[in-house]
Amino acid sequence: MSRRAGSAGHSTLAFVESPVQLLNVLEWAHAHAPGAGLTLVVLSPTDPMTRGQLRRMAELAREEGHEVRWEEARGGPGAPFQTIGGLTGRLRRADRVVLGDPFSRYVQLLLTITKARDLVVVDDGTATMEFVAQLARGERLVRWHRKGGRPGARDLLFAPVSARARHRLTPSDKRRVTVFSSMPIDETPPGVTIHANDFAWTRFRFGPPRITKGADMVGTSLVETGVVDGERYLEAVQNLAKAHGATRYFAHRRESTAKLHRLAAETGLEIVRPDLPLELIARRGPVGRTILSFPSTVVHTLPLALVGTEVRVAVCDIDPAWLTENASPRAQGFLSGVTGTARDVTRLSMVSAV
């Protein structure tokens, strides 16, 4: 039976734009606000797979006793103004704001409105590592796969808002900033409190899973973000699946349909589009005895979600030859860092993709 939250915590507003962010808000609430309800605002994206996972996660949040407010934040030209206008009152009254993506322009704009004295950043995957490092070094907030490129016109227009949001995310005598993360964090900004996310809520609610004999593979959106060449990725997946006997491929929510069709046709893998974040899918089971992944968030989160089981998480590095010409100069170093800092995983040799 799920713990039902009370109503004492509705001065806490949480903003999420992805299923993983919503999951980590639930983990934070379980660990640091037990029994207190919160208002969880979903700034809904447009792609169907993400929306579907968010709706399933919203159901779980309601079962935990939290209020969920679904905003069609990208439903047309006027949607942002309508969304922000409808949230302004609550933002100004909130004592605490929890957010999942400090790089989001939407979230940065909302941060300029709030007067909350307590800000909490929960994981948005490996981007959290980069956010904390940039905050510690006093840099402007730029996603790792875009860093090194020239700012576009929209970046320049939004720069004052981004700078103000970054100021709001800097601790002061008027404001506390906490990062709740399962990621390895080497550089801690002065005054920022770090709390570890060990996926206690996930393990409390689901599993342990039934474990199958085979291997499963986790997909990545590195092709879609322009970091890895599509042909190289296809060949690498094919070789990795063959070497380790993988039969299922859990698609990332941002992977294109055309790419997944090719993967299925040319590798023979069963393509699975999860209806929940992979941490919950794996914990519910059934799941392969080995989970194969390229550098991504799951090499940090799955070992925590699956602690106490016999599942092995194995990670294969990205060969520099797979990177596109347009990949950020920081891409290889960042991806290597994601793999190198992962705990309780098996490192695999790079698979040849020629």
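Predicted model: local features only at pLDDT ≥ 70, side-chain atom pairs only at ≥ 80, totals over all residues.
Residues are numbered from 1 along each chain as its sequence is written, and side-chain values use heavy atoms, leaving out hydrogens and water.

Helices here are DSSP runs (H or I, at least four residues) and strands are DSSP runs too (E, at least two), numbered from the N terminus. Helix α11 covers residues 298-305, and seven of its eight residues are buried, so it is largely enclosed by the rest of the structure. Those buried residues are Val 298, Val 299, His 300, Thr 301, Leu 302, Pro 303 and Ala 305. They pack against the elements below, where contact means heavy atoms within 4.5 Å.

| Element packed against buried residues of α11 | Residues |
|---|---|
| α7 | 200-205 |
| β8 | 211-218 |
| α10 | 278-284 |
| β11 | 287-293 |
| β12 | 312-316 |
| α12 | 331-340 |

Now for the sheet. Six strands form an open sheet in the order β10-β9-β8-β11-β12-β13, with parallel pairing; strands pair if DSSP finds at least two bridges between them. At the edges lie β10 (270-272) and β13 (346-348), each pairing on one side only. From one strand to the next, the twist averages 30 degrees. Three bridges join β12 to the parallel β13, and Cys 316 stands opposite Leu 348 in β13. Helix α11 packs on this sheet, touching β8, β11 and β12, and its direction makes about 175 degrees with that of β12. Such angles run from 0 to 180 degrees between N-to-C directions, with axes fitted to C-alpha atoms, for helices over the stretch in contact.

Note on methods
Buried < 20%, exposed > 50% of the residue type's maximum accessible area, 1.4 Å probe, protein only.
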